[in-house]
Amino acid sequence: MVFWLAAGLGGGAMGKALPPLEDAIPPAVKALRAPTDVEFQGGLKMAVTAANEEAQTAVNQGLNHLHGGWEFEASRQFAVAMRKDPECLLAHWGMVMALLVPTPETGKARNVAAERMLDLLDQGKGSDLERGYVYGLVKYLEDGPVAAATAFRKVAVKFPNAIQAGVFGALFGRGGYDETGSATPSQQQAEEELAALVKAHPESALPLNALLLIRAEAADLTPSLELARKLCQMVPDYAPYVHLLGHYEWRCGEHGAAASAFGRAAVLYDRWMKTNRASLADCPEWVKAENYRVVALASQGEFDPALAAAKHLAALPLPKARASSAGVRLMLWETATLPARLLMRRDQPGDAVLALAALPKPETLKPYHQECLAYWWIDGLRIALEVQRVLEDGKPEEARAAVEALTFHGEQMAKAQGVANSGGERSAWNRSFRTLELIASEVRGRLALAGPENLRGTAYNWFRSAVDRQRPAVMLYPPVVLSSVWLRLGYFHLLENSPDKAIEAFNDALAAFPNDMAALQGLQRAQEAAKLPDQAAETALKIKKFQAP
């Protein structure tokens, strides 16, 4: 039995009545019409222990959406299967997997689905393979991802034709990349396992998508770009795969292709919302795609269209009754600050004032405070922008006081981490908190530049600290800081009349953000300052090539 459900929740052993089936289905799922099936070319088709064909079909649909990363749509299909066969073990397992990271909207349903799943397990329901999947999930919930990986890999050995078991073994076993961008040993193992599955099952999108997902945070995605394009050829017009392609295009510097891919993904998600009469509260994937499209436009040098699109997105009304939904939370954590972050990227005189005006007012955020912690991030960004504003006004003492206020704000925000973890906002909180740490280093560097001549050298240390804090975006999100912090170092070196060092910094910026227009323009300026006309001309050709027509 699983400790987080408490002993004896397996049902009949303690004489406790099992919760009703409908309690295992999230309210947002129950509010929508029945889902439509999708044709997954090369998708997963497994035998499912179920009372009828309808339940079997729904489970397979749910599994394919689950592997695609569309958890909400997966949960809708598992709900269909559970209703068609309340004793289907794999349907309950799938629901728990789809709700693995609970929110206030889904936490109760996840726990009920898990309780019913364990009761079915105690009754001996399901095949040996299906019970193996349940065991792997239980190991994850009890002991974490490493134990789950071991469990799923054992299932894969026992059932060598079960692609899904091998995929989950690799997904739970991956260790990511270290601070240098190198794959950890467990990451290497996971990639090798998935690459072997891709080779053994070239017709299946499942292992290919999984391989691309776990590689998505690598320092260089160029070697895998063609695989991402192949995935979308195998399963055309599946929105999560199109978004994944956009991420690869953007990370490889193909910003025009990225903007097109994210635009296409957003159209597909929008079509889904209209068909199912759903809202953005139900579709954080649409929010993510639209945000990333804006970032791709900015990277291409299309600042005005990007800012206009960001302002339109940020102005969309949010249903207060769904404040704890994934979609509304993403709007608050990401979209609400997008116009301001674009202006921070441009960083022209007066942009700090414009960015401050673009942030949502504190009073407009108050109705969401109980359900979303994004106000901590937004208020921190507000303080950082105030530092920049008073520095532009030539008031270093006020800027110093604002920096201290930012430090205090960060200390107070750190105390909210436990609430974020328990409320399903851990990932968003971590991203934003780390970004505020980066921004705090960057504004301290600006403050040092505005200070006495003998202290200007410390600006380099602060800017370098900011560089060291910047990491590739995770989970197919766009970056929070919309340009490489190496740009700040590049312009610092130009100010210090060190164009050679500036060239090196701008090249580092391009390594992190390939073909980024701001980085290319900075590089050209540094090459001109270093009196390297041939290199400057070559960079000018690159700018012309990658700039939007």
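Helices here are DSSP runs of H or I with at least four residues, strands are runs of E with at least two, and both are numbered from the N terminus. On that basis, H255 is found in helix α13, which covers residues 255–276. Residue numbers start from 1 along each chain as its sequence is written, and side-chain values use heavy atoms, with hydrogens and water left out. This is a predicted model, in which local features need pLDDT of at least 70, side-chain atom pairs count only at pLDDT 80 or more, and totals for chains, interfaces and linings use all residues.

pLDDT is the predictor's confidence in each residue, from 0 to 100. The protein has a mean of 94, and 97% of its residues reach 70 or more. Over residues 1–14 pLDDT stays under 50. The model has 30 contacts beyond four places in sequence for that stretch, a contact being heavy atoms within 4.5 Å.

Back to H255. Is H255 buried or exposed? Buried is under 20% relative accessible area, exposed is over 50%, and partly exposed is in between, with a 1.4 Å probe and protein chains only. H255 has 4% relative accessibility, so it counts as buried. Beyond its neighbours within four places in sequence, H255 contacts W250, A296, S299, Q300, P514, N515 and D516.

S224 is in the loop between α10 (205–215) and α11 (225–234). S224 is buried because its relative accessible area is 6%. Leaving out residues up to four places away in sequence, S224 touches L212, R215 and Y248.

Now the spaces. On a 1 Å grid over the protein atoms alone, a cavity is a set of points where a 1.4 Å probe fits but cannot get out; a pocket is an open set with protein on both sides within 12 Å along at least five of seven lines; lining residues have an atom within 4 Å of a point. Points are joined across faces, edges and corners, and volume is the space filled by probe spheres set on them.

The second largest pocket has a volume of about 950 Å³. Its lining has 34 residues, and M344, R345, R346, D347 and R488 are the closest to its centre. Helices α17, α20, α23, α25 and α27 each supply at least two lining residues.

There are three cavities of 30 Å³ or more.
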